[in-house]
Amino acid sequence: QVQLVESGGGLVQAGGSLRLSCTASGRTFRAYTMGWFRQAPGKEREFVAAITWTRVTYYGDSVKGRFTISNDNAKNTMYLQMNSLKPEDTAVYYCAFSLSNNYRGPYSYWGQGTQVTVSS
């Protein structure tokens with residue numbers, strides 16, 4: 001079992017920045033992928049970014065060049081640095097954990113989500 005806790009969401013003006021964190025606890029695995037997803041009201045869940053245990057990164061088209069995913073294995077924590085935020089980035093952001101080394105998942109564990117609101 002893996003527990004995920006996100007933090008760092010909030011309200012920011014367009015053009016601003018936020019950094020989300022996701023700390024994992026529980027069992028440890030040698031190979032895994034961690035990812036960020038988001039869901040806006042009335043929309044489907046969207047892939048944002050992922051990082052494998054070997055630190056290979058992947059990004060959704062809508063955030064490329066603006067968001068950066070990273071991790072600190074010593075702290076079991078993953079980060080999402082979000083720059084140049086736009087109102088359309090407003091959503092609940094979820095941290096997810098996959099036992100696969102493939103960013104497509106499947107993701108077996110999910111955090112509770114953290115709200116990001118970008119005002120225009």
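**Rings and charges in a predicted model**

Modeller: Start with Glu-6. A polar atom of its side chain lies 3.0 Å from the backbone nitrogen of Gln-112. Keep in mind that this is a predicted model.

Biologist: What makes that a polar contact?

Modeller: The cut-off is 3.5 Å between N or O atoms. The distance here is 3.0 Å, so the pair falls within the cut-off.

Biologist: Which other backbone nitrogen lies by a polar atom of the Glu-6 side chain?

Modeller: That of Gly-113, at 2.8 Å. Glu-6 itself is in strand β1, residues 2–7.

Biologist: How do you know that Glu-6 has no salt bridge?

Modeller: Look at the nearest side chain of opposite charge. It is Arg-45, 10 Å away. A salt bridge needs a nitrogen within 4 Å of a carboxyl oxygen, so Glu-6 has none. Yet Glu-6 is buried.

Biologist: Which residues is Glu-6 in contact with, leaving aside neighbours within four places in sequence?

Modeller: Among them are Ser-21, Cys-22, Trp-36 and Tyr-93. Gln-112 and Gly-113 are also included.

Biologist: How many salt bridges does the rule give?

Modeller: Four. One of them joins the side chains of Arg-38 and Glu-46.

Biologist: What makes Arg-38 and Glu-46 a salt bridge?

Modeller: Their N to O distance is 2.8 Å. The limit is 4 Å, so the pair counts.

Biologist: Are Arg-38 and Glu-46 buried or partly exposed, and how do you know?

Modeller: Buried means under 20% relative accessible area. Arg-38 has 5%, so Arg-38 is buried. Glu-46 has 31%, which is between 20% and 50%, so Glu-46 is partly exposed.

Biologist: Which Asp does Arg-38 meet in a salt bridge?

Modeller: Asp-89, at 2.9 Å from N to O. This pair links distant parts of the chain. Arg-38 is in strand β4, while Asp-89 is in the loop between β8 and β9, 51 residues apart.

Biologist: Why is Asp-89 called buried?

Modeller: Its relative accessibility is 0%. That is under 20%, so Asp-89 counts as buried.

Biologist: Which Arg forms a salt bridge with Asp-89 at 2.7 Å?

Modeller: Arg-66. Arg-66 is in the loop between β6 and β7, 23 residues apart from Asp-89. At 10%, Arg-66 is under the 20% limit, so Arg-66 is buried.

Biologist: Now the rings. How many aromatic pairs does the search find?

Modeller: Eight in the whole structure.

Biologist: Why is the pair of Tyr-32 and Phe-97 called stacked?

Modeller: Their ring centres are 5.3 Å apart, within the 6.5 Å limit, so the rings pair. Their planes are at 15°, under 30 degrees, so the pair is stacked. Tyr-32 is in the loop between β3 and β4, and Phe-97 is in strand β9. They are 65 residues apart. Both are buried.

Biologist: Why is the pair of Phe-97 and Tyr-109 called edge-to-face?

Modeller: The centres are 6.2 Å apart, still within 6.5 Å. The planes are at 65°, over 60, so the pair is edge-to-face. Phe-97 lies in strand β9 and Tyr-109 in strand β10, so the pair ties together parts twelve residues apart in sequence.

Biologist: How do you know that Tyr-109 is buried?

Modeller: Its relative accessible area is 17%, under 20%, so Tyr-109 is buried.

Conventions. Residues are numbered from 1 along each chain as its sequence is written. This is a predicted model: local features need pLDDT of at least 70, side-chain atom pairs count only at pLDDT 80 or more; totals for chains, interfaces and linings use all residues. Side-chain values use heavy atoms; hydrogens and water are left out. Rings of Phe, Tyr and Trp (its six-membered ring) pair if their centres lie within 6.5 Å; planes under 30 degrees apart count as stacked, over 60 as edge-to-face and the rest as tilted. Helices (H or I, at least four residues) and strands (E, at least two) are DSSP runs, numbered from the N terminus. Buried means under 20% relative accessible area, exposed over 50%, partly exposed in between (1.4 Å probe, protein chains only). Lys and Arg count as positive and Asp and Glu as negative; His and the chain ends are not counted. A polar contact is a pair of N or O atoms within 3.5 Å; within protein, one must be able to donate a hydrogen and the other to accept it, and residues adjacent in sequence count only if both atoms are side-chain atoms. Contact means heavy atoms within 4.5 Å.
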